[in-house]
Amino acid sequence: MKDFSAILQRREQQHLYRRRKTIDSPQGVEIRYNGQQTLSFCSNDYLGLANHPRLIHAFKKAADEYGVGSGSAHLITGHLRPHEILEEKLAEFFNRPRALVFSTGYMANLGILSALTDRHDVIFEDKLNHASLLDGAQLSRAALKRYHHLDCDHLESLLQESRNQHSIIATDALFSMDGDLAPLPRLAQLAAQYQSLLMIDDAHGIGVLGETGRGCVEYFGLNDHQVPILMGTMGKALGTFGAFVAASEDIIEMLIQDARSYLFTTAPPPAIAAATIESLAIIDDEPWRRAQLQERIEQFRKGAKQLGLALMESHSAIQPIVFWEAQAAVTASEKLLAQKILVPAIRPPTVPQGSARIRITLCANHTTHQVNQLLEGLASL
Ligand SMILES: *Cc1c(COP(=O)(O)O)cnc(C)c1O
């Protein structure tokens, strides 16, 4: 039997022990933590929709009409009208033939990769992909080949080794821990050249990037032939919960038939779907949120550079500052918290050994004053 208590103790000594914080308010740029108003630079609620009155109203209205639980899996009797409408709206929003809603992004990635490949196939992934893409490849039993972060030459050499096999290239579009972008145009070109299926996980680009918030595909001016599988989550900029895949008719039907994380799980509450329909409308109705987020990002980067902080190559809402050692990152996070500024420390195994960091996420609702407060906090470290 393993000595769990010893394992946990060791984790604590290595500054790798993880603890949750209980928040006593809705999500937002100011949250209540430990009995105090605290300035938050943590959440993925990039556009400030999680507590938006229109979403709350849509959610309540749907709860009145459809109740709370969906009652079963989508294929039994859990697929309610709001789920169906949401899928139609998502397909329309992303200008793709079909969309399919999953209960979470983690499950969507497991489902897509395991339904579309088997042990005879190959999955190519960026080394820094989200855990759910890596776990999905494990579950599929396909051969997993990881290329160096953003390195298309490395990817091409791996593609050459597996020319005659069915394959998927799967990548985060905007990397969740570094904030940088995958080279999607080149990846699309390689996928076409080697007849591989390109799948992107745009969890952090949806709602934020591109002229109209359609995400990285729009940002790079690509189309659905170049990027046949678009996966995105609804718990981040869309402010609700769950995830979706937008793709061709055949791919969506394959997922409905074979994605085990779709088949063998309860459908999300219909009110969540109704609230997400409202999010999509707000993305179109309130473009100023995207513009304001961009302004705050630029303000932060300019201020941080003046302080001499080493920023990463990120122009997204995700702005990490690397401290290398886990302990240093934890100490920085604690010192900021003492000034009532919440910025999480991100440690291995979430990021590679020796690249512990604090990760700042900016939101449209942060004021210029609040960004200045953060900069002052960072200056004091
Ligand atoms: C958050 C995230 C997921 C998981 O989505 P959930 O809906 O939270 O399960 C998947 N991929 C990436 C890149 C993410 O950032």
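Mentor: Let's begin with a term: a crossing is left-handed if the near helix is turned anticlockwise from the far one by less than a right angle, and right-handed if clockwise. Helices (H or I, at least four residues) and strands (E, at least two) are DSSP runs, numbered from the N terminus. Also, this is a predicted model, where local features need pLDDT of at least 70 and side-chain atom pairs count only at pLDDT 80 or more, while totals for chains, interfaces and linings use all residues. Residues are numbered from 1 along each chain as its sequence is written, and side-chain values use heavy atoms, with hydrogens and water left out.

Trainee: Thanks! So in which hand does helix 2 pass helix 12?

Mentor: Helix 2 passes helix 12 in a right-handed crossing. Helix 2 covers residues 53–66 and helix 12 covers residues 270–285; their axes come within 8 Å and cross at roughly 150 degrees. That makes helix 2 roughly antiparallel to helix 12. Axes here are lines fitted to C-alpha atoms, for helices over the stretch in contact, and angles run from 0 to 180 degrees between N-to-C directions. Under 35 degrees counts as roughly parallel, over 145 as roughly antiparallel, 65 to 115 as roughly perpendicular and the rest as oblique.

Trainee: Which residues of helix 2 and helix 12 meet?

Mentor: From helix 2 they are R54, L55, A58, F59, A62, A63 and Y66, and they meet P270, A271, I272, A274, A275, E278, S279, A281, I282 and D285 in helix 12. Contact means heavy atoms within 4.5 Å. The residues of this contact of helix 2 with helix 12 divide into 13 nonpolar, one polar and three charged. For those classes, Ala, Val, Leu, Ile, Met, Phe, Trp, Tyr, Cys and Pro count as nonpolar, Asp, Glu, Lys and Arg as charged, and the others, Gly among them, as polar.

Trainee: And helix 4 and helix 12, are they roughly parallel or roughly perpendicular?

Mentor: The axes of helix 4 (residues 81–93) and helix 12 come within 8 Å and cross at roughly 25 degrees, so helix 4 and helix 12 are roughly parallel to each other. Their crossing is left-handed. On the helix 4 side the contact is made by P82, H83, I85, L86, K89, L90 and F93, and on the helix 12 side by P270, A273, A274, T276, I277, L280, I283 and D284. The contact of helix 4 with helix 12 has eleven nonpolar, two polar and two charged residues.

Trainee: What about the angle between helix 5 and helix 10?

Mentor: Helix 5 (residues 105–116) and helix 10 (residues 249–258) pack at about 100 degrees, with axes 9 Å apart. Helix 5 and helix 10 are therefore roughly perpendicular to each other.

Trainee: Switching topic: is T233 buried or exposed?

Mentor: T233 counts as buried, at 8% relative accessibility. Buried means under 20% relative accessible area, exposed over 50%, partly exposed in between (1.4 Å probe, protein chains only). T233 lies in strand 8 (residues 229–233).

Trainee: Last one: which residue lies in the loop between strand 1 and strand 2?

Mentor: N34 lies in that loop, between strand 1 (30–33) and strand 2 (36–40). N34 has a positive phi of about 60 degrees although it is not a glycine. At 60% relative accessibility, N34 counts as exposed.
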